[in-house]
Amino acid sequence: MNKAEVLKKIIEQRRSIFPKDYIDTEISQEIIDEILHSAIFAPNHKRTKPWRFKIFRGEEKVKLASEMQAIYKATQPGHLFLEKKYNDIGFKINKADAIASIVVNFSGMVPEWEEIAAVSMAVQNMYLTCTANEIGCYWSSPKLVEHLKESLTIEENQKCLGLFYMGNLE
């Protein structure tokens, strides 16, 4: 296949694949690095490079699961709290091998929508790289991420746009 055919095939195969379908094996650090490296080639006006990613693995991932569950419990009125949703938060995070927080850094040099678009294109590059490496992934944007400012050390000019879950497939 020529390059155009390979690219077309990867684009057509790109899917959101959820943690329930991940297997319990580690993604190599080399592939994680490749996934993140692909993100930096996204177009961005005035070269602001507005994306910020933090990888959670191992103990950091376990802490993220506990924090997200605690946030859910603290922000839900008692009558709206669902034990299943609480458990699902922990299950999804713990089932993924690696999770990247997706944060946009607003430079003030270009309209905010352009920087959000650049981050979105960076995440698309990550999706395509995962697909090429047969890694399952999906971008989740639960409202709970708005409460992660401290653990993600989010600055005033930044906003968390979600979490990018990754895991090996059978």
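Tyr-138 has a relative accessible area of 6% and therefore counts as buried, where buried means under 20% relative accessible area, exposed over 50% and partly exposed in between, with a 1.4 Å probe and protein chains only. This is a predicted model, in which local features need pLDDT of at least 70 and side-chain atom pairs count only at pLDDT 80 or more, while totals for chains, interfaces and linings use all residues. Residues are numbered from 1 along each chain as its sequence is written, and side-chain values use heavy atoms, with hydrogens and water left out.

A search of the whole structure finds 5 aromatic pairs, a pair being two rings of Phe, Tyr or Trp (its six-membered ring) with centres within 6.5 Å, counted as stacked when the planes are under 30 degrees apart, edge-to-face when over 60 and tilted for the rest. One of them joins Phe-18 and Tyr-138 edge-to-face, at 4.7 Å centre to centre and with 65 degrees between the planes. Phe-18 lies in the loop between helix 1 (3-13) and helix 2 (29-39) and Tyr-138 in strand 3, so this pair ties together parts that are 120 residues apart in sequence; helices (H or I, at least four residues) and strands (E, at least two) are DSSP runs, numbered from the N terminus. Phe-18 itself is partly exposed, at 39%.

Tyr-138 also forms a stacked pair with Tyr-165, at 4.9 Å centre to centre and 20 degrees between the planes. Because Tyr-138 belongs to strand 3 and Tyr-165 to strand 4, this pair links parts 27 residues apart in sequence. Tyr-165 is buried, with a relative accessible area of 3%, and Phe-18, Tyr-138 and Tyr-165 form one aromatic cluster.

The loop between strand 3 (135-140) and strand 4 (158-168) holds Ser-141, which is exposed at 55% relative accessibility. Leaving aside neighbours within four places in sequence, Ser-141 is in contact (heavy atoms within 4.5 Å) with Leu-161 and Gly-162.

Elsewhere, Thr-131 is placed in helix 5 (residues 112-132) and is buried, at 14%. Not counting residues up to four places away in sequence, Thr-131 touches Ile-10, Gln-13, Arg-14 and Arg-15.

Arg-57 sits in the loop between strand 1 (51-56) and helix 3 (58-75), and its relative accessibility of 19% makes it count as buried. Beyond neighbours within four places in sequence, the residues in contact with Arg-57 include Glu-26, Ile-27 and Asp-97.
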